[in-house]
Each structure stands twice: as C-alpha cells, then as structure tokens.
Amino acid sequence: MAVYENRYRKKPTGRYNRGNDNNPFSWKIVIRLAIFIGIVVVTYSYHEPIFGKINEIRYKIESWKEERNKQKGYAYRKQQEENKRRRAAQSSSRTTPATPNKSEAIENAPVAAPHSAPITEEPAKPRDNTSQAKPVEAKPADVSKHKLDRFVDQQTGKYGIKDLTTSKVLVDAIYDEIKRPEYGELSTYAIAKKGEVLGVISVTGEVLVPFEYTTIYRWSDRYPNYLLLYKRDYSEEGTKQKRNHLYGLAYMPGGKITVPVEYGSLNMIDFYKERTSLAIAQKGDAYGIITLQNEVKVPFEYYSIKYTGVDNHLSATKRSASSPYSYKTGLIRTTDCKLIIPVEYDDLDVVGPASFIRVKKDGLYGCINDKNQVTVPFQKVNGVGMSQSRTDDKNNRVWFTLPSGEMVCYNSKGERVPCD
C-alpha cells in the first residue's frame, strides 16, 4: 500500500523553527545582543553619573528605612529605653555610696560634744562636688568625650543632635535628615540634609560645609578625613542645557574645601603597597594628576590615565596627531609625577618591575626598560602574552608567537628563556 506524504501538514512553529529552517536562530537573539552592547557602551560612557545616582538612591533608601522605623516607633522607643538605662547607671555610680549595715552605722555614728554644733560641716561636701561638676557643661571640648546621637522631634519629624550622657540638646531639630558617619558614632561633625541639598555641620550646630551638594560621603578608608562633594551644575550650550557632574574634596573636621568642586571626576591613586596623596582628575575632556591640596602635578592634556598593575606607575594616553581614532601611550612615575616613557607607543604593558615593559610600535612588538632602552628587539608576531608576579621577579616574563608558529619567551633582563 502506498504511503502518501501530506504536503499540507503544518510545520512546527517552535522557538527555534520560525522562519528559515536552515537558520535555527531568530532575530530576537540579535536584538538582545545589540541591547546588551548598548548598555555596556552607555555604562562605560556615563559610569560616574550612574554611580553618583546609585549613591543618591542608596541614601534615599536608608532615609526611607529610618523614616519607617520612626513611624513604627520601634527604634525610637528602644533608643529611649537605652538612654534611660544608661543615665540611671551613670547617676547611680556617681552619687550612690556603698550602704553600710544598720549595726555598723550605729556603732560608727559620731558622738557630738555637749555645747558644739554636731556634724555641721558634712553637708558642705556636696556643694564642692556640684561646683566641680559645673565646668563639665561649659567646656565644649568635653562634648567629644560623651556619646552623641541624633534624635527625632515626634511633632515635626525633624532631626537634631543630642548628648546622651547629659540629655542636653546640642543641635535643634531643624534638619530633614542627619546622617551618621559610615564608621563609628557622631564625634565632631555630621552630614545633614536641608530640603534637597546636603551639607556638613558640627555637633554644636555650626555649618562647616554649605548646603549646596547632591551627595556627600567619605572618600576612602585610607583617607578618612576627606569627604567627597558632588553636585550637578547646568550650563547653556546654544539652545540646549547641559548637565555637568562636578566633584571636590573637603577636609574634616574643619570643613575646609581643599579641592574645589570643579572636576568632572576625581579618583584616588591607591596602590597595593604604596599610599599617595594624589588623585586622577578630569577637567573638560582631559585628564591630569593633582594633589589633595589641588596642586597640579601632571597637566591636563591626556585622553586617559590608568593603572598598570605595578605600584607607582600609570599609563598615560593621548590622541594621535595623525588620526583622531588612534592613540599613543606613555608611562608616568607617580613618585615624582614625571613622564619616564614618552607617549609614542601604540600599546604598553608593564610586566612585574617597572624596568620590564612590553610595547607595540608600528605593528611590531618588543620590550624596553624604564629608561626607554630596547631590551628585546622589535619583531613581527602573531600572538603575545605575559605573566606577572608582585613578589617573585623570576616569574615575570613575556612570550611571543612568531609567524612560523614558534613561541619564544623572555625574562625581565631581556634574556631568552625556555617556555615552560
């Protein structure tokens, strides 16, 4: 019996069977890949504004959580109970003497003379104690020894600062938010919010940093006395309004602005072992290096300044004069902020010590030292590679794959070694 094929049978229309049967992929994959590439490009171009927005959102989330706890009353009541218990313990330890037994009190009771005023000089001791305790409230320096914290006015919902040791209000509840330091307790200053802007106040209410910034936070753990200041600034470009993101630094606890808020980005230079007082700053479209006192060490003339993986050395890149789409790279030593390798190489990688540098020039690869002297001759290769070690210089080496397929390896002295 002949079996006939049903030519009108409906073909499967699954996820990978739409369109041409020979091509199992659909346009959805291409579209998703394009969206992913677009997100990566946008994130790389606007990473600093995005991170600033993330910090702002994080700050709002923390404020929302604290506001929720305040409405519920859990955190507030718990803090009040802790304050009462602490004050009771402190007052009892200061004023309550050890109570003797009744028999001991009768035996040790003083006997008064017939015509003398009995025990009239004993009450004078508490007067001396109170007179000695008065200067404690008058000395501002002693406030730093007390435990300070913010409090909330339940009627207005505003924040202030209170001395938990003496229950004295140091700063009236006039701020929309008072942020604790990221580490520790309130000691000398606090970040406060008034309306939509942030500033810094002392624990006595003095304004240290004016209220004109969008975000304020500690710059780094290695520099705990510096606060990073960020604000948005709008400028006119023709008929359009451009939003600028500006950064600066304030030194605490005095609140002195050591780096003015005028840079497009401000990144601390922090190496694995070495600690510097330098920062990579952006002004306009150019990058340079400044100190934490705003002294320019490297002029603003580079397209980018990046880490190399080796302490005290940064790569500096400029646009090529021949083409705006090609770049040349050199090397900066941060100990004296000098350009030790001129900006003339197409690619540059520091391998291990700073005297072992792999470079590319005119399509050829080779190695140079920190005096720009050639240690491995330039040659045409099909592939390159390297291994880095911070502790053992013997493991620092580069290897090249020659057009013949042979692999050659060199150590930091420029000597050819076996490729293990």
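This is a predicted model: local features need pLDDT of at least 70, side-chain atom pairs count only at pLDDT 80 or more; totals for chains, interfaces and linings use all residues.
How many bridges join strand β13 to strand β14? To find out, select residues 275-283 for β13 and residues 286-291 for β14: the two strands run antiparallel and six bridges join them.

β13 and β14 belong to an open sheet of four strands, in the order β12-β13-β14-β15, with antiparallel pairing. At the edges are β12 (265-270) and β15 (296-302), each pairing on one side only. Neighbouring strands here are turned by 20° against each other on average, direction ignored.

Next, go inside. Select Trp219, Leu228, Leu249, Leu266 and Ile290: within the largest nonpolar core, which has 16 residues, these touch the most other members. Strands β9 (226-237), β10 (240-251), β11 (256-263), β12 and β13 each supply at least two residues of this core, and β9 gives the most, with three.

Stay on Leu228 and show what surrounds it. Leaving aside neighbours within four places in sequence, Leu228 is in contact with residues including Trp219, Leu249 and Leu266, as well as Thr215, Ile216 and Tyr247. Then pick out Tyr189, Leu198, Ile216 and Leu229, which are among the 14 residues of a second, separate core.

Finally, zoom out to the whole protein. Its secondary structure comes to five helices and 27 strands. Of its 420 residues, 35% are buried.

How values were computed
Residues are numbered from 1 along each chain as its sequence is written. Side-chain values use heavy atoms; hydrogens and water are left out. Two strands pair if DSSP finds at least two bridges between them. Axes are lines fitted to C-alpha atoms, for helices over the stretch in contact, and angles run from 0 to 180 degrees between N-to-C directions. Buried means under 20% relative accessible area, exposed over 50%, partly exposed in between (1.4 Å probe, protein chains only). A nonpolar core is a set of buried Ala, Val, Leu, Ile, Met, Phe, Trp, Tyr and Cys residues joined through side-chain atoms within 4.5 Å. Contact means heavy atoms within 4.5 Å.
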